[in-house]
Every structure is written in C-alpha cells, then in structure tokens.
Amino acid sequence: MEKKAYIEAGRIVNTHGVAGEVKIEVWLDSPAFLKRFPRLFIEGRAYLLRAARVQKSFLLCKLEGVEDVNAAMVLKGRTVSVAREDAQLPPGAFFLQDILGAKVVDEQGTEVGVLVDVLERPASNIYVVQGEEEHLIPAVPAFIKRTDPEAGIITVHLIEGM
C-alpha cells in the first residue's frame, strides 16, 4: 500500500491567550507524541514548533510566524498534519491511516473483507471490516493476529457473532 507523505494529526480548535498560541485536538496516540515533532503542517505550509505543552487531551503550542491572537484565529478549524519523515515510530508500530484499505483475511487465508474504518474506544480500537457482511473486530491480540502495513494485509481470528 502506498503511504502518504503527511499524516493528519489533529485540528486547531481554538486560540490560547493573546500571544498567538493555538489549541490542537490531537488525533494521534497522545498530545505528548505530537509534541515531539519539530514542525507541523497546515494546508501544506510548514510551521516550526517553537514551544508546546500538554493540557489534558490537547496540545497548546506556539508556532513560528504566528505572533498574536489574530494570526492564531485565522488557523482555527484547520487540520494539522505531520511529515512521515519526522515520525520516529518504535519497531512494529504504524499509523492507522497506513492500514485503512488493507485486505483482512482469517487465519486460513480466506478473505474477510477490507478495513474501512477504525473506531477509537477507551478499552481498545475496533476495526470495521466490510466484506459480504460487516465485521466489528476488537483490535486486541486475541483477534488481530498479524498486521502487515507494507503488504496491506491484516490476519484476524474470527469468532461466531463477530
């Protein structure tokens, strides 16, 4: 599967203070993970991350070139992306967008369908697989046996009613 050069990481939901800080709703694993990136991209333009701090589930940050609340307000509602080349993932880790569209097969190699969505829930993510019928599969080791983002294949263990 072809990987995109940029990963959507969140959305600017508001300004913070009068010095041009923005408040980002983070779509990645955590605000702390997003904080590690040296630059963020908004509509194709790179902004260096001058300062950032976590506030609950949000990231408050100061972007280079955004000097006051008026400049920050222009960015409100915009999607924030990160460059894949800036990501340092641990071995075996991947971005969810890298597996959307992956072929899902059972342990015998029979095609179950295609991963069309990932529902993020507190206990675990749930993979939405569309085939002849829709399957909701918890993204836990008991059911997800192997994920190969490079080949675009996810091997699952299905049980009755899934």
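The model is predicted, with local features needing pLDDT of at least 70 and side-chain atom pairs counting only at pLDDT 80 or more, while totals for chains, interfaces and linings use all residues. Residues are numbered from 1 along each chain as its sequence is written, and side-chain values use heavy atoms, with hydrogens and water left out.

Me: Why is Glu21 called buried?
Reply: Buried means under 20% relative accessible area, exposed over 50%, and partly exposed in between (1.4 Å probe, protein chains only). Glu21 has 14% relative accessibility, so Glu21 counts as buried.

Me: What makes the link between the side chains of Glu21 and Arg53 a polar contact?
Reply: A polar contact is a pair of N or O atoms within 3.5 Å; within protein, one must be able to donate a hydrogen and the other to accept it, and residues adjacent in sequence count only if both atoms are side-chain atoms. The side chains of Glu21 and Arg53 are joined at 2.6 Å.

Me: What makes strands E3 and E4 a pair?
Reply: Strands (E, at least two residues) are DSSP runs numbered from the N terminus, and two strands pair if DSSP finds at least two bridges between them. E3 (residues 39-42) and E4 (residues 45-55) have four bridges and pair in the antiparallel sense. Phe41 has Ala46 as its bridge partner in E4.

Me: How do you know that E3 also pairs with E6?
Reply: Two bridges join E3 to E6 (residues 79-83) in the antiparallel sense, and the requirement is at least two. In E6, Ser81 is the bridge partner of Phe41.
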